[in-house]
Amino acid sequence: MDSDLILLGHGSGGKLSHQLLEQLIIPTLSGVPLVGQNDAALLDHDGGRLAFTTDSYVVDPVFFPGGNIGDLAINGTVNDLAMVGAQPLAISVGLILEEGFSRRELSEILTAMRRAADLAGVSIATGDTKVVPRGKADRIFINTSGIGLVPPGLQISGANAQVGDKVLINGTIGDHGIAVMARREGLELETAICSDSAALNHLVKDLLEEGDAIHVLRDPTRGGVATTLKEIALQSEVSITLDEAVLPLKAPVRGVCALLGLDPLYVANEGKLLAIVDGQAAERVLQRMQRHPLGAEASIIGEVTAAGGGRVQMETLVGGMRAVEMLSGEQLPRIC
Amino acid sequence: MNYSDAFRNREIVRGLAERIAALTCGLDRPLTFMEVCGTHTMSIYQYGLRSLLPPQVRLISGPGCPVCVTPVGYVDKAVAYARRPQIIVATFGDMLRVPGSSSSLMQERARGAEVRIVYSSLDAVALAVKHPEKQVVFLGVGFETTAPTVAASIQAAAKQGLRNYFVLGAHKTIPVPMQILSADPELGIDGYLCPAHVSTVIGGGAYRFLAEQHGVPCVVTGFEPADILQGVAMLAAQRMENRSAVEIQYRRFVTWEGNRQAQALLAEVFVPVDTAWRGIGVIPHSGLAIADRYAAFDAARALPVAVEQPREAAGCRCGDILKGKIGPGDCPLFGTTCTPENPVGACMVSSEGSCAAAYKYGPTSL
């Protein structure tokens, strides 16, 4: 097989993405090993710490139930900053437009970006626009970068999970991926599934009132909850056990997953965070989460059960045990 | 609790596991039951069901993953079609990463070939309507469950007078291979969990020859955890009572005679043929070829393509895994040379392949 080709799976957020990062991108560009990677880079500056992150958006379709590529691009970058505990200061916007794209749709996307930025309390400070000939891009691609300020003394990192910690999530899983997939495939559902796209920085600010009890924050986007927890288990060198019976899942999402042979644990979220918190404080953090509008359906879905191993396992609905691995390749539907 | 939740109910499942343990208590050798269908395999791994069974019951996976039993030469043909600029290859997603002799559809797509994932064969017909300037080749892979939908797509194309829709067929039928595997003394199969969806089409009666002439207990079993454990309990009971019969556990969907309309559709569009199963070889009357009256839609006849002698990857033991002779962990390539990102054999690719299931859900379930 030809290993020179970049495959779609290299952009899945799963194992192939990790391989590409570890083998090519990071060694060539920076040399920092992957285990030190969080959602945003931390830069020491003038006695304080800045968080810096970037992300590109290529979602298809551009408009989907619950949002569009514009608010997604703002929320995603705000969330990457929030996951290291930073409050966002400013965002840049790079637009790549395909010749022939609709001005009206662009206006709708920009309006959504502005609204999302206002809700998150961040300013869009700078930007750039390019247009490429028809067929050289698909309608619209957006890159956003963001900087934020990390409160002094705060230590939030994927490497901080400890034995006895609990794993919390602020609501139902898989909503975004299934909303986009259902629209893309033209599935006609009785109940519309909406993307959960939302800025999480206000919720994070609330959670940080709990101080040292918050050990890890991570948003389970591409690759889903499974891939994100596996990354944390590897980074913190711990084993995590999930309880399938308490995973929050909307019935229509469960239904579409069953129909298409998808596992909701691997489906992307855009308004969810996983918080790994001190076991003693977990109930209190949960209540705090549930008081926030973006955390009404929050629950404790697992715990850090052992040191070492870098493993994630799950007690299934029926009481069996199985391993949970990272997403492999793309999510593929069943055949019969 | 809604209807389907009952089949995943922890107490019901535990009760069934206890019943199986009580039935088989004191046996001096374990009973070996084969789940034929890839969806059963997936469900068993996904719910960790092996961890709930007593040591007296061994579940082995059979050849019921359609992508896995498709020979390498078929993938080579699909790749050859994908390389022709005027052709769109339409396929279910599972075929995309299956390695052929030297390439896969995913690699061809990355090189610019038009390979589209569809969720239904009728979507492939729609592609042909939308692209009259192109030829659409749909990869018809699957068992008796998928075959009627492909038959319907051929009829739909015929009705619309389409001249640019073709099916590269590799449809297979399950009962005869089951008989061949049950005759293998090395496997020592004590009973079959017969496939659920396939049986909705062919009916429970299709397995009678296995139970009555070959003495193999058969239970048509659903896919939910409680279905599977109840199916195992019914098989264990037959063995303990020295009986062999066909029983239907999945009564909410499967009848003795099956879906007559789907059967008629199959008889109209396809004819039974001998066909090659990857790892097993040619099995008489185990495939469905497109009937002469629909030859214009048969890619093999209407768009012939030549490929070189197919090459199986060195060291790949998919064949033994498909026959249930070894488990995924017994293959020396498993998890090292052969991973879902870089699969050597189809069993590691398909969402219904045993190796993919073992890799994803881990050795805790082995």
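**Reading strands, sheets and domains**

Let's start in chain A of this predicted model: strand E2(A) and strand E7 (residues 140–150) of chain A run antiparallel and are joined by nine bridges.

Q: How do I read a strand pairing, and which residue of E7(A) is the bridge partner of A:Phe52?
A: Here's the general idea: strands of a sheet pair through backbone hydrogen bonds, and the pairing is either parallel or antiparallel. In this case, look across from A:Phe52 and you'll find A:Ile147 in E7(A) as its bridge partner.

Q: What about strand E1 of chain A, and in which sense does it pair with E2(A)?
A: E1 (residues 41–45) and E2 (residues 48–57) of chain A pair in the antiparallel sense, over five bridges. Here A:Phe52 turns up again, as the bridge partner of A:Ala41. The hairpin of E1(A) and E2(A) has two residues between the strands, and A:Asp46 takes a positive phi near 55° there.

Q: Now chain B. In what order do the strands of its open sheet come?
A: A general point before you trace them: in a regular strand the side chains alternate between the two faces of the sheet. In chain B, five strands make up an open sheet, and you read them as E2-E1-E7-E8-E9, with parallel pairing. Pairing on one side only marks the edge strands, E2 and E9 (246–248) of chain B. On average, neighbouring strands in this sheet are turned by 25° against each other, direction ignored.

Q: Can we zoom in? How many bridges link E1(B) and E7(B)?
A: Three: strand E1 (residues 31–37) and strand E7 (residues 191–194) of chain B pair over them in the parallel sense. To find your place, look for B:Glu35, which stands opposite B:Leu193 in E7(B).

Q: Which strands does H2(B) lie across?
A: H2(B) lies across E1, E2 and E7 of chain B, and runs at about 120° to E1(B).

Q: And what are the domains of chain B?
A: The domain assignment gives domain 1 (1–312) and domain 2 (318–361). Their C-alpha centres lie 17 Å apart. The contact between them takes 26 residues from domain 1 and 20 residues from domain 2 of chain B.

Q: Which elements give two or more residues to the domain 1 side of that contact?
A: Helix H2 (38–46) and strand E2 (57–64) of chain B do. H2(B) gives the most, with six residues. As for the makeup of the domain 1 side, its residues divide into 14 nonpolar, eight polar and four charged.

Key: Residues numbered from 1 in each chain as written. Chains lettered and ligands numbered in written order. Predicted model: local features only at pLDDT ≥ 70, side-chain atom pairs only at ≥ 80, totals over all residues. Domains from an automatic or database assignment. Contact = placed C-beta atoms within 7 Å. Helix = DSSP H or I, 4+ residues; strand = E, 2+ residues; numbered from the N terminus. Nonpolar A, V, L, I, M, F, W, Y, C, P; charged D, E, K, R; others polar. Pairing = 2+ DSSP bridges. Axes fitted to C-alpha atoms, helices over the stretch in contact; angles between N-to-C directions.
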